[in-house]
Amino acid sequence: MAATHVDDPRIVEFDVRTDEMLINMGPQHPSTHGVLRLVLRTDGEIVSEVEPHIGYLHRCAEKIGENLTPRQWIPYTDRMDYLAAMNMNLGWSLTVEKLLKYKLPEKARHLRVIIAEMGRIASHLVGMGAYGLDLGTFSPFLYAFREREKILDLFEEACGARLTYSYITPGGATSDLPNGWLQTCDAFLEQLLPIIQEYHALLTTNAIFVKRTAAIGVMPAEQAIDFGCTGPVLRGSGVDYDLRRDGEERYTEMYDGYAFEVIVEKDGHYPRDHEYPAVPREAVLGDCWHRFYVRMLEVIQAIDLTRQAIEKYSTASGDWGQPIKLTQKLPKGEVYLETESPRGQMGFYLVSHGDSIPYRVRARSSCFCNLSVTAELCRNCLIADIPAIVGSLDIVMGEIDR
Amino acid sequence: MTGQDFLATLKKQFGDKIAGANFEAIDPWVEITPDGIVEVCCFLRDDPNFRFNMLNCISGVDFFEPDAKKAAKKDWAPHTEVVYHLSSTIKKHTLVLKVILPRWKDDSPGTLPEVPSVAGVWSTADWHEREVFDLSGVLFTGHPDMRRILCPEDWQGHPLRKDYEFPQEYHGIRGR
């Protein structure tokens with residue numbers, strides 16, 4: 001019998017009304033990637049509104065930068081995006097070099113590519129592992145940390161630190177790579193490449209993973225650009241924009257002579273440089289799955305770039321780049337430079353009045369903009385989708401709060 | 001398009017709302033008057049020649065020297081700048097816009113200077129303007145939600161202003 005009447009007992013049974021409820025998620029929730037607090041307005045399982053509250057890690061690094069010389073500020077950039085500290089050092093160093101009109105030696109350029117791309121691999125590995133954690137699977141995290149550990153070992157060998165490196169400085173790097181480093185690095189890359197298939201099996205193509213991420217948190221390209229989203233979040237929405245190719249000359253000249261293709265879906269497929277699993281039918285361009293997938297492909301891209309860099313570095317002549325003086329006088333002027341850090345475009349703005357200490361320092365954080373879109377993405381989704389959406393943005397609170 | 005051509009196009013369109021420009025700087029910039037900023041931004045975003053569809057960053061810079069002796073030697077008068085960094089994902093070019101404001105509105109200390117919000121032009125501006133308000137003390141009129149973003153809501157003062165004094169204590173926590 002067709003149930004058409006409201007008095008039908010089977011319908012009344014499901015007529016449950018709930019009140020709107022405000023739920024606090026964080027600031028210590030494990031899947032909010034640090035101290036992010038989300039206030040959810042929920043109606044049962046449906047979230048009607050999300051409001052992110054940030055600032056729990058605010059140290060006003062910009063104010064500190066007004067009291068230190070550029071080289072002294074390097075350790076503070078480490079502590080912004082602490083999962084990709086090398087790339088933060090690089091962004092700030094290039095900004096200072098732009099102001100100084102400093103010409104970097106050839107060898108230092110390739111050294112920086114090696115370090116920056118290794119940093120990208122390490123960062124994306126954590127991003128991948130932590131995303132697994134967000135969705136309730138623990139093992140990818142352990143696998144990711146097993147590989148990341150080896151990168152940290154390599155970094156430790158190069159500069160002595162494992163998390164906050166302060167290795168790349170204005171003028172070059174604090175020291176050259178030690179003997180035998182390149183061979184160890186090469187061996188690591190050799191070993192990492194086949195392992196990526198494991199990650200694809202664990203997450204990318206996993207049926208549950210696809211169910212949790214495909215067609216969830218869909219962000220159209222226009223919205224991504226409007227909110228200033230950058231990095232894998234922007235490319236996951238199908239925007240062909242990567243600063244390593246499209247950025248300012250000061251930054252792109254670092255990648256002169258390198259062959260790489262921007263990881264973005266074009267005409268329904270990704271660059272076919274390497275074998276990769278097919279895009280599942282459920283996935284929609286701009287959803288959580290695509291954002292994650294762009295990161296996975298960028299790991300392969302970074303391996304390729306590192307290999308090219310190792311080859312170029314070992315044949316390059318000259319110096320690895322001496323750091324500038326600790327109290328180097330800065331010329332008058334102001335510069336702004338953005339670099340492609342693993343999480344997006346990291347920009348630094350420096351205003352100098354001719355002293356050795358900058359007058360004003362500003363850090364444009366990529367995660368800050370990427371996070372600002374959460375309120376839009378999480379409208380009318382399920383509570384269980386919130387960690388999936390926030391995790392897919394791959395945020396680091398140290399960088400948002402600065 | 002060279003800098004001068006670009007400036008001429010803007011000047012033709014907006015007249016004296018374009019207050020000045022500097023194309024010798026490392027990053028060339030154009031100065032806009034506060035009342036023209038929204039119009040100019042809309043134009044730059046939508047014009048097929050420019051297509052600045054992405055707002056990268058808004059920064060507030062406070063120009064002030066508390067020491068009167070040192071201030072006399074400076075080649076600038078105290079003021080506050082709001083700097084907009086734009087870029088285009090289509091044309092792959094960048095631009096810097098500046099709005100120069102007095103440090104205090106109507107020169108009455110304690111009243112924050114005002115500039116119209118561009119949150120309606122680019123959504124990025126929403127959080128960035130809140131940050132500039134929070135740290136540099138510039139009010140963005142017409143902003144949908146002008147609150148502090150990084151500092152607590154009951155925080156006093158704007159830390160990136162050069163005359164900011166760090167509080168002695170905050171809710172029983174010693175400041176220094």
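Start by selecting I54(A). Beyond its neighbours within four places in sequence, I54(A) is in contact (heavy atoms within 4.5 Å) with L36(A), F368(A), L371(A), M397(A), I400(A) and D401(A), plus W127(B), I149(B) and L150(B) from the other chain.

A word on ground rules. This is a predicted model, where local features need pLDDT of at least 70 and side-chain atom pairs count only at pLDDT 80 or more, while totals for chains, interfaces and linings use all residues. Residues are numbered from 1 along each chain as written, chains are lettered from A and ligands numbered from 1 in the order written, and side-chain values use heavy atoms, leaving out hydrogens and water.

**The core**

A core here is a set of buried Ala, Val, Leu, Ile, Met, Phe, Trp, Tyr and Cys residues joined through side-chain atoms within 4.5 Å; buried means under 20% relative accessible area with a 1.4 Å probe, protein chains only.

Jump to residues 385-392 of chain A. How many of the residues of helix 16 are buried? Eight of its eight, from D385(A) through to S392(A), with P387(A) and G391(A) among them. Just past the helix, D394(A) has a positive phi of about 50 degrees.

**The interface**

Now show both chains: 46 residues of chain A are in contact with 40 of chain B. Color Y359(A), R362(A) and F368(A), which lose the most area on the chain A side, together 17% of what that side buries. The buried area (accessible area lost when the two parts are put together, 1.4 Å probe, summed over both) is about 3600 Å², and carbon and sulfur atoms give 56% of that.

Eight salt bridges are counted between the chains, using a side-chain nitrogen of Lys or Arg within 4 Å of a carboxyl oxygen of Asp or Glu. Zoom in on D246(A) and K92(B), whose side chains form a salt bridge at 3.6 Å, N to O.

**Chain B alone**

Finally, hide chain A. Chain B has four helices and nine strands, and 51% of its 176 residues are buried.

Note on methods. Buried means under 20% relative accessible area, exposed over 50%, partly exposed in between (1.4 Å probe, protein chains only). Helices (H or I, at least four residues) and strands (E, at least two) are DSSP runs, numbered from the N terminus.
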